Amino acid sequence: MLSVTGLRAAYGPVQVLFDVDFDVAAGSVTTLIGANGAGKTTIMKSVAGLVSATGGTIRFEGRDITRTASHDRVDAGLCLIPEGRLVFPGMTVEQNLRLGAIAPRARAGHSGMLQEVFRRFPRLEERRAQQAGLMSGGEQQMLALGRGLMARPRLILMDEPTLGLAPVMVKQVFETIEELRTAGFTILLAEQNARVALELADRAYLLENGRVALSGPGSDLLGSPEVRRAYLGM
Ligand SMILES: Nc1ncnc2c1ncn2[C@@H]1O[C@H](COP(=O)(O)OP(=O)(O)OP(=O)(O)O)[C@@H](O)[C@H]1O
């Protein structure tokens with residue numbers, strides 16, 4: 001579904017991605033793991049079109065989208081759930097959700113999608129009139145995900161969805177990701193919570209200093225001495 005080859009990106013004169021190659025198969029969960037600053041967020045933003053690639057190619061469902069505007073990528077079925085959730089704090093839960101459906105292909109079916117999001121996250125329905133900024137961190141993560149689903153994506157990019165969440169909420173986020181995979185969504189997940197992310201991943205990539213250091217099925221990376229030492233504390 002997504003094929004990235006030779007991706008390079010830079011902030012001003014500082015190059016941070018160096019010829020990154022990875023693929024995301026339809027219906028899979030693909031995970032990017034790596035230390036702080038390894039380049040996970042930059043990859044997510046490059047795929048979403050928020051950071052311009054300085055080299056390489058990004059293909060989505062066979063189409064070269066490397067130079068496509070970010071809003072056109074949303075309309076093509078690609079959606080980023082950003083790190084830090086970034087809900088609109090002064091707006092209600094429902095207003096945040098409705099904003100997720102402003103792209104042309106999402107607009108038509110947005111009432112049905114709202115019901116679908118409420119079915120998946122009953123807490124959001126209970127709190128639909130509440131100001132989003134007053135929700136807990138875990139609830140805001142659900143809201144950010146719900147808002148993303150409103151765009152009817154085929155590929156969901158989730159950047160560190162468990163950052164700053166209590167263990168019980170971390171578990172819930174991973175359960176939600178599994179449910180979304182079962183429902184047919186394709187997911188690219190960036191995570192520091194390496195163990196759970198690798199257990200879940202159909203395929204995983206370890207990033208180090210803007211390069212892919214290791215890749216394979218999640219279970220292979222879980223068993224790798226390098227990953228166990230550096231990321232699982234074993
Ligand atoms: N807006 C920016 N301007 C300049 N440098 C940046 C900017 N954003 C990120 N960087 C740098 O790019 C590199 C990769 O950062 P990135 O945020 O992609 O890493 P990450 O793997 O997502 O890290 P984290 O897990 O801490 O979010 C880092 O060295 C970072 O300091």
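Asp19 is located in strand S2, which covers residues 14-24. In this predicted model, Asp19 has a positive phi of about 50 degrees although it is not a glycine. The chain that contains it holds 11 helices and 10 strands.

**Asp19 and Glu160**

- Asp19 counts as partly exposed, because 13 C-beta neighbours lie inside 10 Å.
- Glu160 also has a positive phi, of about 45 degrees, although it is not a glycine.
- The position of Glu160 is in the loop between strand S7 (155-159) and helix H8.
- Glu160 has 23 C-beta neighbours inside 10 Å and therefore counts as buried.

**The antiparallel sheet**

- Strand S2 belongs to an open sheet of 4 strands, ordered S2-S1-S4-S5, in which the pairing is antiparallel.
- The edges of this sheet are S2 and strand S5 (63-64); each has a single partner strand, so one side of each is left without a neighbour in the sheet.
- Between S1 and S2 there are 7 bridges in the antiparallel sense, and in this pairing Ala9 stands opposite Leu17 in S2.
- A hairpin is formed by S1 and S2, with 2 residues between them. Gly12, in the turn, has a positive phi of about 55 degrees.
- Strand S1 (residues 2-11) also pairs with strand S4 (residues 55-60), in the antiparallel sense and over 5 bridges.

**The buried strand S3**

- Strand S3 (residues 29-34) is largely enclosed by the rest of the structure, because 6 of its 6 residues are buried.
- In a regular strand, side chains alternate between the two faces of the sheet.
- Both faces of S3 are covered. On one side Val29, Thr31 and Ile33 are buried, and on the other Thr30, Leu32 and Gly34 are buried.
- S3 pairs with strand S8 (residues 186-191) in the parallel sense, over 5 bridges. The bridge partner of Ile33 in S8 is Glu191.
- S3 and strand S9 (residues 203-208) run parallel and are joined by 5 bridges. Gly34 has Leu207 as its bridge partner in S9.

**The ligand shell**

- The ligand is surrounded by Tyr11, Val16, Gly34, Asn36, Gly37, Ala38, Gly39, Lys40, Thr41, Thr42 and Gln192.
- By class, the shell comprises 3 nonpolar, 7 polar and 1 charged residues.

**Helix H5 and its cover**

- Within helix H5 (residues 110-120), the residues Met113, Leu114 and Val117 are buried.
- These three residues lie on the same side of H5, because they cover an arc of only 105 degrees around the axis.
- The exposed residues Ser111, Gly112, Gln115 and Arg119 are carried by the face of H5 that is turned away from its buried side.
- The cover over the buried residues of H5 includes helix H3 (93-99), helix H6 (122-126) and helix H7 (137-149).

**Val168 in helix H8**

- Val168 lies in helix H8, which covers residues 167-182.
- Val168 counts as exposed, because 8 C-beta neighbours lie inside 10 Å.
- The C-alpha atoms of Val168 and Gly138 are 9.4 Å apart in space, and the two residues are 30 residues apart in sequence.

**Overall dimensions and packing**

- A compact globule with 234 residues would have a radius of gyration near 17 Å, and the 17 Å of the chain agrees with this.
- The C-alpha trace of the chain spans about 45 × 40 × 35 Å along its principal axes.
- Of the 234 residues in the chain, 42% are buried.
- Among contacts in the chain between residues at least 6 apart in sequence, 67% join residues at least 24 apart.

Methods:
Residues are numbered from 1 along each chain as its sequence is written. This is a predicted model: local features need pLDDT of at least 70, side-chain atom pairs count only at pLDDT 80 or more; totals for chains, interfaces and linings use all residues. A residue is buried if 20 or more other C-beta atoms lie within 10 Å of its own, exposed if 12 or fewer, and partly exposed in between; C-beta atoms are placed from the backbone. The arc is that of the directions from the helix axis to the C-beta atoms. Two residues are in contact if their C-beta atoms, placed from the backbone, lie within 7 Å. Two strands pair if DSSP finds at least two bridges between them. A residue is near a molecule or strand if its C-beta atom, placed from the backbone, lies within 6 Å of it. Ala, Val, Leu, Ile, Met, Phe, Trp, Tyr, Cys and Pro count as nonpolar, Asp, Glu, Lys and Arg as charged, and the others, Gly among them, as polar. The radius of gyration is taken over C-alpha atoms; the globule rule is 2.2 Å times the number of residues to the power 0.38.
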